[in-house]
Amino acid sequence: MGRSIDTPVGPVSVDHFEPARLTHRVFLGPKFLFAFFNPNDELHDASRAIAEFAGEGELPYRQFIVNEHALDEAATRLKKRASLRYAELLFRAVDESGLVRFERVSEGAFEQARERFIEWDTNDASFTDFVIACHMNDLGVDHIATYDSHYQLFDVVTIPHIDLG
């Protein structure tokens, strides 16, 4: 199991973030971003662990991807539930970090998300969830850092592998 970091939700090790297959890119979902940038969130330390593990070469991730929909949801949640300052830190990280890459959603991915959102009406996934999943497919990214169980509807691998009960 290797080294672990103690967090309020229990110890988190590199194994919680291991990809199902070798991949260097991972999408960052809105709830993950919220926890990462909100030091008062119960999952903050667990979220920060991925950056620490990747930075030390213990994980293969070299690029973290966000889009306008993930940023919109995370920044709004940070502003309303935590602090505008945390939302500012999120924007600064996207602008200045060499690890975080901003990718705009293509028109094709957006249209696909809209169609699927309307067709798949028997779930509670948000439109943002659909847009992110379709955008990931468009980019060829199959891993997402998230605490949102709705992504299990899509053909993506969710990390971290933490049971939140």
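This is a predicted model: local features need pLDDT of at least 70, side-chain atom pairs count only at pLDDT 80 or more; totals for chains, interfaces and linings use all residues.
Colleague: Which residue in β5 stands opposite Ile-65?
Modeller: Strand β5 covers residues 100-102 and is joined to β4 by three bridges. The two strands run parallel. Opposite Ile-65 stands Arg-101.

Colleague: What is the bridge partner of Val-26 in β4?
Modeller: Strand β3 spans residues 25-28, and β4 spans residues 63-66. They pair in the parallel sense over three bridges. In β4, Val-26 is partnered by Phe-64.

Colleague: Which residues touch the most other members of the largest nonpolar core?
Modeller: That core holds 52 residues. One of the four is Phe-27, whose contacts beyond four places in sequence include Ile-65, Ile-132 and Val-141. The four are Phe-27, Leu-33, Phe-64 and Leu-90.

Colleague: How many aromatic pairs are there?
Modeller: Ring centres must lie within 6.5 Å to count as a pair. By this rule the count is 11.

Colleague: Is the pair of Phe-117 and Phe-127 stacked or edge-to-face?
Modeller: The ring centres lie 5.4 Å apart, with 75° between the planes. Planes over 60 degrees apart fall in one class. The pair is therefore edge-to-face.

Colleague: Where do Phe-117 and Phe-127 sit?
Modeller: They are 10 residues apart, and their pair links distant parts of the chain. Phe-117 is in helix α5 (residues 107-119). Phe-127 is in helix α6 (residues 127-139).

Colleague: Is Phe-127 buried or partly exposed?
Modeller: Buried needs under 20% relative accessible area. Phe-127 has 27% relative accessibility, so Phe-127 counts as partly exposed.

Colleague: What is the angle between the planes of Trp-120 and Phe-130?
Modeller: These two rings form an edge-to-face pair, 5.7 Å centre to centre. Trp-120 lies in the loop between α5 and α6, while Phe-130 lies in helix α6. The angle is 65°.

Colleague: How far is the charged end of Arg-48 from the centre of the ring of Phe-36?
Modeller: The charged end of Arg-48 sits over that ring. The cut-off for the distance is within 6 Å. Here the distance is 4.3 Å.

Technical notes
Residues are numbered from 1 along each chain as its sequence is written. Side-chain values use heavy atoms; hydrogens and water are left out. A nonpolar core is a set of buried Ala, Val, Leu, Ile, Met, Phe, Trp, Tyr and Cys residues joined through side-chain atoms within 4.5 Å. Buried means under 20% relative accessible area, exposed over 50%, partly exposed in between (1.4 Å probe, protein chains only). Contact means heavy atoms within 4.5 Å. Two strands pair if DSSP finds at least two bridges between them. Helices (H or I, at least four residues) and strands (E, at least two) are DSSP runs, numbered from the N terminus. Rings of Phe, Tyr and Trp (its six-membered ring) pair if their centres lie within 6.5 Å; planes under 30 degrees apart count as stacked, over 60 as edge-to-face and the rest as tilted. A charge sits over a ring if NZ of Lys or CZ of Arg is within 6 Å of the ring centre and within 35 degrees of the ring normal.
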